[in-house]
Amino acid sequence: MKTIKIVKIGGNIINDEKALHSFLANFAQLKGPKVLVHGGGKLASELAKQLNIPVTMINGRRVTDTQTLDLITMVYAGKINKQIVAQLQAHNTNAIGFTGADGNTIVSTKRPAEPIDYGFAGDVVTVNPQVLTILINNEVTPVFCAITHDANGQLLNTNADTIASEIAIGLSAHFSTELYYCFEKSGVLSDVTDDNSIIEQITSESYAQLKADGVIFEGMLPKLDNCFHALKNNVHKVHIGSTTMLFNSKNKHTSLQLS
């Protein structure tokens, strides 16, 4: 079974043009099948202010009303996604940009309005790997933004970390899947004030203890929950760290395993 890398990049790369160019040049050199998933960065919020569209965040998550959904669709699925695809083409990596609606690849359901109404926020229900598998087997790299659909014509704003883990799970019947979450730190830290305090391995058991001790909290919790959800659903390997872990396995980062 072929190994495939599913790589998620966040705002720290999207927001930095030089860092994004450098990452994509290196990503293009990765051997074997791969999928790229990207977040939206700060461009959508900047454009919203220019257009006098209110930006509402609750617990770090964007509230997506109709105007905001239109805006992020233009920014995530349009400008950012197509710029990434164009740059990958420039580096001789044949890529196609995706929302979950394209090829019916990711179907979500609108998140319930209780206890918090996040508007047009989507929770993934199914990933349909058929179209992706055909493309990947023909050396095409899918590039996903953080937009899915509900199969009834409605687009939905969906967490990019979740999209990455669900794609990895969906492809696990066809490939040996490796999931890489790239962010601004070199891994999960035991001390948030010390960038060198990388926890190099986390198991389900140690994760429970780290949560209980308050070492891992807030924004890292949903990311790590996605990691263990993926491992419990046939994803072979999960790693968290800076982009350097993709290109040099000796670079310190965090690896996750069930036991």
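**Note on the salt bridges**

1. R111 is buried at a relative accessible area of 18%, where buried means under 20% relative accessible area, exposed over 50% and partly exposed in between (1.4 Å probe, protein chains only). Its partner in a salt bridge is D123, with the closest N and O atoms 2.9 Å apart. D123 is partly exposed, at 28%. R111 sits in the loop between β6 (106–110) and β7 (122–127) and D123 in strand β7, so this contact ties together parts 12 residues apart in sequence.

2. The model is predicted: local features require pLDDT of at least 70 and side-chain atom pairs pLDDT 80 or more, whereas totals for chains, interfaces and linings use all residues. Numbering starts from 1 along each chain as its sequence is written, and side-chain values use heavy atoms, without hydrogens and water.

3. A salt bridge is taken as a side-chain nitrogen of Lys or Arg within 4 Å of a carboxyl oxygen of Asp or Glu.

4. K8, D161 and K223 form a network of salt bridges. D161 pairs with K8 at 3.1 Å between the closest N and O atoms; D161 lies in helix α6 (residues 160–171) and K8 in strand β1 (residues 3–9), 153 residues apart. K223 meets D161 at 2.9 Å, N to O, and K223 belongs to helix α8 (residues 220–231), 62 residues from D161. Helices (H or I, at least four residues) and strands (E, at least two) are DSSP runs numbered from the N terminus.
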